Every structure is written in C-alpha cells, then in structure tokens.
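Colleague: I am new to this structure, and I would like to learn how its features are read before I draw any conclusions. Could you take me through them slowly, with the general idea first and the case after it?

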Amino acid sequence: MTAPPPVTARLADGVTAISPAHWDACAGAANPFLCHAFLSILEESASVSPRAGWQAVPIIVDGADGVPIAIAPAYAKRHSQGEYVFDHAWADAWARAGGSYYPKLQVAVPFTPVPGPRLLLRNGAAAPALIAAVEAVVDRHAMSSAHATFVAPDQVPLFEAAGWLIRAGTQFHWANDGYTCFDDFLDALASRKRKAIRKERAAAVEGLTVRHVTGSDLTERDWDAFWTFYQDTGSRKWGQPYLTRPFFSLLGARMGERVLLMLAERGGRPIAGALNLIGADTLYGRYWGCTEDVPFLHFELCYYQAIEAAIARGLKFVEAGAQGEHKLARGYAPVTTWSAHYLPDPNFRRAVADFLVRERAAVASDQAYLGAMTPFKRAMD
C-alpha cells in the first residue's frame with residue numbers, strides 16, 4: 001500500500017509573508033474580511049502588530065508540492081481587546097488560580113465580529129490537520145488556549161469533532177425575502193412598525209443628503225471625514241480606536257470596489273458616516289460615527305440605507321455588527337453566532353465546559369424571546 005503524501009504545517013511571519021494567490025486560493029472570494037488584501041492592510045497600516053497586542057502568526061498546512069492547502073488566520077494575543085467574544089472572566093479565573101491566561105492564540109479577523117470560515121481550505125480534507133496544527137502551536141509555545149471566534153456554522157462540526165468547546169452568541173441580521181425595493185420590505189411589517197420606520201427616516205434626513213461612495217469615487221477627503229467619525233465612536237466605545245488612519249486609505253486604494261461608504265452631509269459638509277464592505281451575498285456594516293447628533297441618523301445610515309443598498313445589489317443579507325437589540329424594530333432578526341475553544345488544561349476546560357452549558361441555554365432562551373419581538377406581520381395583523 002502506498003503511504004499517504006506527507007503533510008507539513010508551519011508558521012508564517014504575518015499575512016504579508018504569504019503569496020496573495022496562495023492565500024486567496026484557500027480563503028475564496030465570498031467574504032472580503034478573509035482575503036489577503038484586507039488582512040495584509042491591517043498589518044501594513046500597523047493596526048495589527050505585536051505592539052498593538054495582535055501578532056500575526058498564520059498557520060499553514062502545505063500539500064506535498066509545498067503549496068498551502070489550508071490556512072488559519074491566527075494571532076498571538078496578550079490581551080482580549082478587539083475580539084467581541086468576551087473571555088475576560090475566563091482570564092480572571094485563570095489568574096485567580098495562579099496561572100497566566102496570556103499569551104493565547106486567536107483564530108479570527110481582528111476587530112471584526114463577522115462570521116466566516118476560520119479554517120481556510122483549498123482542500124477540505126486538510127481541516128483536521130489544520131486544527132491539529134493550531135493545537136500544536138498552543139502546546140509547544142506554552143499558551144493557555146486557542147479561540148476561533150465567529151466561526152461559520154458549517155465549520156463548527158469540524159472543531160467539535162476535534163474536541164473543542166463550542167460557545168454560542170447572538171447577532172442581529174437582516175434577510176432579503178425577495179424584496180425588490182425598500183417598500184416591499186416595509187409591506188412585510190406590521191402597520192404600526194411601518195409607520196414608525198417611515199417617521200424615523202423622514203426625521204433622520206431632514207435637511208441632509210446621503211451620498212453612497214465606492215470604488216474609484218472614494219477620495220482622501222472622504223476618508224478624512226470618516227476618520228473623524230471613527231475616532232469619536234472608537235474613543236467612546238473602546239477607549240481608543242483600533243484602526244489607524246492609513247488603514248482607510250489602503251482599504252480604498254486596494255479594495256475600493258468592495259467598499260460602500262455612506263456619508264450624510266449638511267450643505268456639502270459630511271456630518272456622519274457608515275462604512276460597509278460588500279461580500280458575495282452579504283453587505284457587512286462595520287463602523288459608524290458622527291460630529292453632529294441627529295435623532296435617528298444612526299438607524300438611517302447603518303440599517304435602512306444598508307437594507308436599500310443590499311436590495312439594489314441583489315444581496316441576501318445585511319450583517320450590521322455586534323450586539324444591538326434596537327436592531328429588532330428595524331427588521332433585523334436574532335441569529336446564533338459560534339466560537340470554538342481549545343483549552344488543554346483539564347481542570348480549566350471542565351470549568352469552562354460547565355459554564356458554556358448554562359450560557360448556551362440562556363442564549364437559546366433569549367433568542368426565542370427576541371425572535372417573538374420582530375416587527376414582521378403575524379397572522380392576526
């Protein structure tokens with residue numbers, strides 16, 4: 001019997017050290033956050049760096065010909081910032097037990113709570129080898145754990161089969177039920193909700209114009225305006241913004257056709273903006289900010305304009321970021337998000353596993369409650 005071809009795994013010194021063609025052959029083109037361009041822009045702009053606490057260490061499984069067949073976008077972390085799946089309580093518990101939770105390994109897209117594959121596979125059969133390679137990195141470098149966050153649902157069983165603990169969370173996504181225009185969407189809502197949305201939209205844009213900018217139309221003036229918005233929101237939410245100013249210029253230059261920047265202007269002067277990225281079937285809302293407080297303008301730019309843009313582009317979904325039960329009234333429904341966790345210490349794993357059983361029951365209960373609060377018509381309407 002012929003022996004199977006050898007499989008090797010290796011660490012790379014950042015995404016930029018890997019051929020874009022090799023990376024994208026594994027990542028595919030559907031999710032813009034996983035492409036080589038986006039992840040390398042994070043590094044080149046110094047948004048991701050060892051100094052920022054995100055050291056890019058992609059894990060690669062090569063085929064017999066030395067070409068990557070599987071890649072994990074992995075980062076060595078010395079804090080838990082910018083992840084959106086909160087494990088601070090786990091870190092505290094580890095510290096109380098006399099251990100050090102950091103460094104840990106994060107398999108994720110930095111600062112981006114967008115579900116997607118965390119095992120980038122040109123050859124699906126390589127998934128177990130890639131997961132084993134992630135575990136080996138943790139074990140050999142004396143890390144506490146590995147965490148694959150916002151895992152695409154179809155990859156959850158791969159991690160589960162490898163013995164990783166699975167954690168559930170909630171986001172709010174909008175689904176296009178064959179709508180041809182925004183009014184089609186409104187017609188699917190209960191009458192009271194339709195009226196409320198129309199009222200919100202009218203109030204939000206009174207005296208303003210909204211401009212959608214993409215591709216070669218994006219200018220440094222647009223990015224300067226949005227950088228101001230982003231800094232304001234970032235400083236209030238996170239203490240300091242995660243992304244640097246060069247990130248946005250590089251994003252526009254290299255991925256402009258996948259960017260949709262929405263700017264609200266008063267007399268030609270931008271006062272608010274929302275940044276979206278365009279996927280194969282999804283519009284991803286990422287950042288928002290403003291310099292003038294206008295009632296309902298956040299809802300208009302981040303939710304309603306996104307719905308209109310998705311319908312116009314024939315997209316199936318809008319994912320408008322993490323958290324936010326206020327999205328329910330705007331037609332965004334609760335969906336389950338998933339993360340997977342490798343905890344080699346048996347005592348710690350046992351404690352976390354017990355916690356996750358209770359947490360998942362609470363998440364399921366909350367989602368059932370929230371699902372009944374969506375604004376769509378029911379039989380009695």
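Modeller: Let us begin with the names: helices (H or I, at least four residues) and strands (E, at least two) are DSSP runs, numbered from the N terminus. This is a predicted model, in which local features need pLDDT of at least 70 and side-chain atom pairs count only at pLDDT 80 or more, while totals for chains, interfaces and linings use all residues. Residues are numbered from 1 along each chain as its sequence is written, and side-chain values use heavy atoms, with hydrogens and water left out.

Colleague: Which residue just after H10 takes a positive phi?

Modeller: That residue is Gly314, whose phi is about 70°. Most residues other than glycine have a negative phi, and most peptide bonds are trans. Phe111, in the loop between S6 and strand S7 (120-121), has a positive phi near 60°, and Phe296, in the loop between strand S13 (282-290) and helix H10 (297-313), has a positive phi of about 70°.

Colleague: Is Phe111 buried or exposed?

Modeller: Buried means under 20% relative accessible area, exposed over 50%, and partly exposed in between (1.4 Å probe, protein chains only). Phe111 is buried, because its relative accessible area is 2%, whereas Phe296, with a relative accessible area of 35%, is partly exposed.

Colleague: Which peptide bond is cis?

Modeller: The bond from Tyr102 to Pro103 is cis, with omega near 10°, and Pro103 belongs to the loop between H3 and strand S6 (104-107).

Colleague: What should I look for in a helix such as H10?

Modeller: One begins with its span, for which the expected value is 1.5 Å times one less than the number of residues. H10 has 17 residues, and from its first C-alpha to its last it reaches 22 Å, close to the 24 Å expected. The bend at a residue is the angle between axes fitted to the seven residues ending there and the seven starting there, and H10 bends by about 30° at Gln305. Since 13 of its 17 residues are buried, H10 is largely enclosed by the rest of the structure.

Colleague: How many residues has helix H11, and what should they span?

Modeller: Helix H11 (residues 346-371) has 26 residues, which should span 38 Å, and its end C-alpha atoms are 37 Å apart, which agrees. Its buried residues are Phe348, Val352, Leu356, Glu359, Val363, Gln367 and Leu370, and what covers them includes helix H3 (88-96), strand S9 (165-175) and strand S15 (333-342). At the start of H11, a side-chain oxygen of Asp345 comes to within 3.1 Å of the backbone nitrogen of Asn347.

Colleague: How is a sheet read?

Modeller: Strands of a sheet pair through backbone hydrogen bonds, either parallel or antiparallel; here two strands count as paired if DSSP finds at least two bridges between them.

Another open sheet has eleven strands with mixed pairing, in the order S2-S5-S6-S8-S15-S9-S14-S13-S12-S11-S10. Its edge strands, strand S2 (54-56) and strand S10 (209-213), each pair on one side only. Strand S5 (residues 74-77) runs antiparallel to S6, with four bridges between them, and Ala76 stands opposite Leu105 in S6.

Colleague: Where is the place of Lys104, and is this residue buried or exposed?

Modeller: Lys104 is in strand S6, and it is buried, with a relative accessible area of 0%. For its partners we need the polar contact, a pair of N or O atoms within 3.5 Å; within protein, one must be able to donate a hydrogen and the other to accept it, and residues adjacent in sequence count only if both atoms are side-chain atoms. The side chain of Lys104 makes such a contact of 2.9 Å with that of Glu83, and another of 2.6 Å with that of Asp87. Contact in general means heavy atoms within 4.5 Å, and, not counting residues up to four places away in sequence, Lys104 touches residues including Tyr75, His79, Met143 and His147.
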